[in-house]
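Dear colleague,

Please find the structure below, handed over for your review.

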Amino acid sequence: MTTINLKDFYYWYTQDQLIEVSDEVAEVFKADARYEMAYQRRLSRHKAQYSLDCDDGIEYSACLHEPTPQELLERMETFLRLWNALNSLPEIQGRRIDAHIILGKSIKEIAEAEGVHEESIRQSIKRGLERMKKNF
């Protein structure tokens, strides 16, 4: 019989817990510990300790589920409501919101392209979004 400390093999033991086990069981515990240490060394040597999600969305896409028909219908309805709210705006406001929010241009870029002050672009976008909320 061999005495082992369960604290060495199980993380939830916070204090020493000594038990006697057969020699075969003790050897299995020790072999498992050796295997785990070898596995960690291999991970480190091959630099495999990094996440698979390297900003290309591998892990994120693996967690996605296929949308149900109900979810697709709700998305389509939301899209149509947003599209109608955007089209209800005056042309200038709609163009500015489209450029800033959908295309991702900065307010400075929009102002330079239109030849106006940044503050007027900022106020136009703010008022346009408020009108869209009312129409949504």
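I begin with one residue and its surroundings. Setting aside neighbours within four places in sequence, Ile107 is in contact with His100, Glu118, Ile121, Arg122 and Ile125. Please note that this is a predicted model.

Ile107 also belongs to the largest nonpolar core, which has 11 residues, including Leu86, Ile97, Ile121 and Met132. At least two residues of this core are supplied by each of helix 3 (69-87), helix 4 (91-102), helix 5 (107-114) and helix 6 (118-135). Another core, of five residues, lies apart from it, and Ile4, Leu6, Val21 and Ala26 are among its members.

The largest pocket has a volume of about 220 Å³. Its lining includes Phe79, Trp83, Leu86, Ile97, Met132 and Lys133. Helix 3, helix 4 and helix 6 are the elements that give two or more residues to this lining, and helix 3 provides the largest share, four residues. By type, the lining residues are 10 nonpolar, no polar and one charged.

Six aromatic pairs were found in the whole structure. In one of them, the ring centres of Phe9 and Phe29 are 4.8 Å apart and the planes stand at 50°, so the pair is tilted. Phe9 lies in the loop between strand 1 (2-5) and strand 2 (18-21) and Phe29 in helix 1 (residues 23-45), so this pair ties together parts that are 20 residues apart in sequence. Tyr11 and Trp12 form an edge-to-face pair, with 5.2 Å centre to centre and 80° between the planes; both residues are exposed. Ring pairs link Phe9, Tyr10, Tyr11, Trp12, Tyr13 and Phe29 into a cluster.

With kind regards

Terms used. Residues are numbered from 1 along each chain as its sequence is written. This is a predicted model: local features need pLDDT of at least 70, side-chain atom pairs count only at pLDDT 80 or more; totals for chains, interfaces and linings use all residues. Side-chain values use heavy atoms; hydrogens and water are left out. A nonpolar core is a set of buried Ala, Val, Leu, Ile, Met, Phe, Trp, Tyr and Cys residues joined through side-chain atoms within 4.5 Å. Buried means under 20% relative accessible area, exposed over 50%, partly exposed in between (1.4 Å probe, protein chains only). Contact means heavy atoms within 4.5 Å. On a 1 Å grid over the protein atoms alone, a cavity is a set of points where a 1.4 Å probe fits but cannot get out, and a pocket is an open set with protein on both sides within 12 Å along at least five of seven lines; lining residues have an atom within 4 Å of a point. Grid points are joined across faces, edges and corners, and a volume is the space filled by probe spheres set on the points. Ala, Val, Leu, Ile, Met, Phe, Trp, Tyr, Cys and Pro count as nonpolar, Asp, Glu, Lys and Arg as charged, and the others, Gly among them, as polar. Rings of Phe, Tyr and Trp (its six-membered ring) pair if their centres lie within 6.5 Å; planes under 30 degrees apart count as stacked, over 60 as edge-to-face and the rest as tilted.
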